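Colleague: I am new to this model. Please take me closely through one part, the salt bridge and the elements around it.

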Amino acid sequence: MSTTTYTVTGMSCGHCEASVRAEVGGLDGVADVEVSAETGTLTVTSDGSVDDAQVRTAVAEAGYTAVRVR
């Protein structure tokens, strides 16, 4: 399992979290998604390697911007 953390800008509520969770959670290989509007973080756990560009695109589809932290 691999875990990657992103900073997501623009989220302010539970609906924001749900939108990001739905988009990122639909990517192939994603096993778990944790999103916090309060801290502006997204943590993606995958059973393989998920491409950063795919994650950033999925977050953009939800209407936000993501930058990889680690």
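Modeller: Start with a term: buried means under 20% relative accessible area, exposed over 50%, and partly exposed in between (1.4 Å probe, protein chains only). Next, the ground rules. This is a predicted model, where local features need pLDDT of at least 70, side-chain atom pairs count only at pLDDT 80 or more, and totals for chains, interfaces and linings use all residues. Residues are numbered from 1 along each chain as its sequence is written, and side-chain values use heavy atoms, with hydrogens and water left out.

The structure holds 1 salt bridge. The term requires a side-chain nitrogen of Lys or Arg within 4 Å of a carboxyl oxygen of Asp or Glu. Here the side chains of D52 and R68 meet, at 2.7 Å from N to O. The pair links distant parts of the chain, 16 residues apart: D52 sits in helix α2 (residues 52-61), R68 in strand β4. Helices (H or I, at least four residues) and strands (E, at least two) are DSSP runs, numbered from the N terminus. D52 counts as buried, at 18% relative accessibility. R68 is partly exposed, with a relative accessible area of 45%.

Now the sheet that holds β4. It is open, has 4 strands in the order β2-β3-β1-β4, and pairs antiparallel. Two strands pair if DSSP finds at least two bridges between them. β2 (30-36) and β4 (65-68) stand at the edges with a single partner strand each, so one side of each has no neighbour in the sheet. Further in, β1 (residues 2-9) and β3 (residues 41-46) pair over 6 bridges, in the antiparallel sense. There, T7 has T41 of β3 as its bridge partner.
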